[in-house]
Amino acid sequence: MSEIRNLKPVGLWRNFDDLTQIPRPSGYMEKVQKFLLDFAAKVGVEAFVDAGGNVVMRKAATAGYENRKTVLLQAHMDMVPQKAPDSNHNFETDPIVTHIEEGWVYANNTTLGADDGIGVAAIMAIMEDKDLKHGPVEAIITRDEETGMFGANELPEGELHGDILMNLDSETWGKFVIGSAGGVDVTSTLEYKEVANDQETAVKVTLKGLRGGHSGLEINEGRANANKEMVRFVRKAITELDARLAGWQGGNMRNAIPFKAEVVLALPQANVVALKELVEKQKSAIKDEYKGIEVVDNIEFFVEDADKPVALLPVEIQDNLIDAIYACHNGVLRMIPSYPDVVETSSNLAIINIEPTKASIKILARSSREDMKEYIATQLESCFNMAGMKTVFSAHYGGWDPNPQSEILSLLQKVYKEQNGEEAIVQVDHAGLECSIILGKYPNMDVVSLGPTIRSPHTAKERFEIATAEPFWNLLVQTLEEIPVK
């Protein structure tokens, strides 16, 4: 039995542990949908899967609380599938294995799925608890949030009845989020004819061991992006050592800062020693530049022999792609003027896949201003246009405008202070939340986002702070009891 089942509150941890046993990477929702429906049937609450693939649950009010406003609890069922380089974990089939370390719950060399499994577990615990006092409670557990907020975008209008939306996908205890950034996927592609490889030998160059991280919450920390660091090396290898590009794979999630990139280069045999020296030089530069930000002892940058590729990119295409990747904006563009500690606009050069006949580059651009979101997306489009690439925008979601006069915010602040003896922090986040999409379809809802403390989501170092679980649960319980009348 997992040791986390002994933690308190028991209902929250038991349900989270049960959830870790269900494979649920983004794009593979069937098992977790069935798990949630089976759970609802077992505890006796209404549940169904809607047209968007979301699981909706409804629990009737406690006797005497029927006249309270309806609370909609919201979390997402999918998790980001990231793992350490030496892990053999299969996210489509294997359960998550957890352990406790110095007051935190970790997974074994994979993402933990507390983002947003803890929100789902809290909903389950509320649905099953017969002793809670509350008005009508509704829940929506959305599909494929991490890859494009698809479930929220496909949410049918008129399906939900909530007056108050409590999103359980924030990741710092004691902070209530009342606004968040919007985002858009920027995908640039190009197809071309390969050319024969006339070089003498080939190598594979790998950069890995970077911290990676959440491209919304941690984009302001200045962490290294594996794709941006790799392009510095590749450009020098091409211009100084007559190398030619045969392939590039970097990053695997649109909303995760890439921690690994690999390239295959063909080059003259006489230049292999110099290329290895260049790799060592670049590794030293990265370690020096990111001292205090990255765990520099974990950074690996190395060369391996590779089978000689049959085909290469045409020289002009190769050079244009490398220039575009080099020039592509990555990181923070601007902070919010009225919240100078919060990022307003950013981009994450997330995924690069280059083959001898085609190239694809995906970037997630974020901004809390629609005009700046359009600006950064167009800037990126313009950059890749110059390389002859076709760019499309997809998975749009708008920003969530803050409402400091929110009634549910005021109640949460009151209860938090009563229970913890201090004021909560009210903040606007750069990370994207589904609140803006739901508000677009249900504009009269009163909305706030909250959660316990999670760190390093979207990485194999994701962890959940145990000490924040019980106060998070206590806050939910008392707040539900004190929801105002309709």
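How exposed is Lys-414, in terms of relative accessible area? Lys-414 is partly exposed, at 35%. Here buried means under 20% relative accessible area, exposed means over 50%, and partly exposed is in between, with a 1.4 Å probe and protein chains only.

## Ground rules

This is a predicted model, so to speak of local features takes pLDDT of at least 70 and side-chain atom pairs count only at pLDDT 80 or more, while totals for chains, interfaces and linings use all residues. Residues are numbered from 1 along each chain as its sequence is written, and side-chain values use heavy atoms, with hydrogens and water left out.

Helices (H or I, at least four residues) and strands (E, at least two) are DSSP runs, numbered from the N terminus.

## Salt bridges

Back to Lys-414: its side chain meets that of Glu-482 in a salt bridge, 2.9 Å from N to O. A salt bridge here is a side-chain nitrogen of Lys or Arg within 4 Å of a carboxyl oxygen of Asp or Glu. Lys-414 sits in helix α9 (residues 407-420) and Glu-482 in the segment after α11 (469-481), so this pair ties together parts that are 68 residues apart in sequence. Glu-482 is partly exposed too, with a relative accessible area of 31%.

The structure holds 28 salt bridges. One of them links Arg-232 and Glu-229, whose closest N and O atoms are 2.9 Å apart. Both residues lie in helix α5 (residues 226-241), three residues apart, or about one turn of the helix. Arg-232 is partly exposed at 23% relative accessibility, whereas Glu-229 is buried at 5%. Glu-221 and Arg-223 also pair up through their side chains, at 2.9 Å from N to O. In that pair Arg-223 is buried, at 9%, and Glu-221 is partly exposed, at 37%. There's a network as well: Lys-204, Lys-260, Glu-262 and Glu-304 are linked by salt bridges.

## The annotated domain

UniProt, in an unreviewed entry, places "domain: Peptidase M20 dimerisation" at residues 206-292. UniProt positions follow the numbering used here, feature names are shortened, and annotations may be inferred rather than shown by experiment. Over residues 206-292 the chain is 39% helix and 20% strand, and the end C-alpha atoms are 22 Å apart.

## Strand β17 and its partners

Strand β17 (residues 339-354) is mostly covered, with twelve of its 16 residues buried. Two strands count as paired if DSSP finds at least two bridges between them. β17 runs antiparallel to strand β18 (residues 358-367), joined by nine bridges, and the two form a hairpin with three residues between them. Across that pairing, Ile-352 stands opposite Ile-361 in β18.

Five bridges join β17 to strand β16 (residues 331-336), again antiparallel, and here the hairpin passes through two residues. Ile-336 has Tyr-339 in β17 as its bridge partner. Strand β12 (residues 244-250) pairs with β17 too, in the antiparallel sense over three bridges, with Gln-249 partnered by Asn-353.

## A four-stranded open sheet

Another piece to look at is an open sheet of four strands in the order β4-β5-β23-β22, with antiparallel pairing. Its edge strands, β4 (98-101) and β22 (454-455), each pair on one side only. β22 pairs with strand β23 (residues 463-465) over two bridges, and Ile-454 stands opposite Phe-464 in β23.

## Nonpolar cores

A nonpolar core is a set of buried Ala, Val, Leu, Ile, Met, Phe, Trp, Tyr and Cys residues joined through side-chain atoms within 4.5 Å. The largest one has 66 residues, and those with the most contacts inside it include Trp-13, Met-166, Phe-176 and Leu-450. Helix α3 (residues 114-128) supplies the largest share of this core, ten residues. Apart from it lies another core of 54 residues, among them Val-234, Leu-245, Leu-265 and Cys-328.

Contact means heavy atoms within 4.5 Å. Leaving aside neighbours within four places in sequence, Phe-176 is in contact with residues including Leu-409, Tyr-416, Ile-425, Val-448 and Leu-475.

## Glu-159 in its loop

Glu-159 is found in the loop between α4 (150-153) and β7 (164-167), yet it counts as buried, at 13% relative accessibility. Not counting residues up to four places away in sequence, Glu-159 touches Phe-48, Asp-50, Val-56, Arg-58, Glu-138, Ile-140 and Tyr-442. Asp-50 is 109 residues away along the chain, with 8.6 Å between the two C-alpha atoms.
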